[in-house]
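Dear colleague,

Please find below the structure I promised to hand over, with its sequence. My notes on what was found follow directly after it.

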Amino acid sequence: MDWKKLTSDMEFLGTFPGRLPDALYPEVAFVGRSNVGKSSAINALLHRRKAARVSGTPGRTQAVNLFRISDRLVFADLPGYGFAKAPESARKAWGRLVRRYLFKREALALVVQLVDARHTAQKVDIEMVDLLTESEVPFIVVATKIDRVKRAKQKAQLAAIARGLRMPADQIIPFSSTEKVGLDLVWSV
Ligand code: GDP
């Protein structure tokens, strides 16, 4: 797939706090902790500077942003999780929205779970992987901000993250939005 060509025809379909519009094409959803670099990753994958908003205040909106990519795919940017200061009500709203999406959205083809390459898997990340496993939706794990991990330490760090998530190390894709690492690999999935 020539993704640069594909993403040259991209349209922001909107922000949906409630019911989603009927699916146009197979959807690829992005999940991750607030501030993990989700918006930046989506922008990098879409070859755009600001299709998705790079957040100043994390964990605010409980909504899904949809992006149509050519006549092939839709990207769904799900709200971030694990923001320490988020009130309980926001956490509950997140759970409802994400569960509904993961378990009911028939067009959902793949989930891209983002984790921060600088840290080992956090409890909330493990819970997310458990939820994805329960939903039986195919998913990949992408380790963002790999540019912040010294080259010599990257392999061991990815292995540590994989152990934390109880998955094989070669299933974690190293990624950097700033250095444009891993874009082709993610698109190839
Ligand atoms: P989101 O809350 O998950 O959507 O995260 P953002 O995309 O808003 O990014 C959060 C912060 O991490 C911002 O300050 C970004 O500039 C920074 N960031 C995102 N991706 C990368 C990356 O690949 N490398 C580095 N070094 N910083 C990044």
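Helix 3 and helix 4 cross in a right-handed sense. Please bear in mind that this is a predicted model. Two packed helices are described by the angle between their axes and by the distance between those axes. Here, the axes of helix 3, which spans residues 88-104, and helix 4, which spans residues 123-135, come within 10 Å and cross at roughly 35°.

On the side of helix 3, the contact is formed by Trp94, Val98, Arg99, Leu102 and Phe103. Helix 4 contributes Met128, Leu131, Leu132, Glu134 and Ser135. Sorted by class, this contact of helix 3 with helix 4 comprises seven nonpolar residues, one polar residue and two charged residues.

A polar backbone atom of lysine 38 lies 2.7 Å from an oxygen atom of the ligand. In the case of aspartate 147, an N or O atom of the side chain is 2.8 Å from a nitrogen atom of the ligand. Serine 177 places a polar backbone atom 2.8 Å from an oxygen atom of the ligand. The ligand taken alone exposes 580 Å², and the protein buries 80% of that area.

With kind regards

Note on methods:
Residues numbered from 1 in each chain as written. Predicted model: local features only at pLDDT ≥ 70, side-chain atom pairs only at ≥ 80, totals over all residues. Heavy atoms only, no water. Polar contact = N/O pair within 3.5 Å; in protein donor to acceptor, adjacent residues only side chain to side chain. Areas by Shrake-Rupley, 256 points an atom, 1.4 Å probe, with all protein chains shown as cover. Axes fitted to C-alpha atoms, helices over the stretch in contact; angles between N-to-C directions. Helix = DSSP H or I, 4+ residues; strand = E, 2+ residues; numbered from the N terminus. Left-handed = near helix turned anticlockwise from the far one by under 90°. Contact = heavy atoms within 4.5 Å. Nonpolar A, V, L, I, M, F, W, Y, C, P; charged D, E, K, R; others polar.
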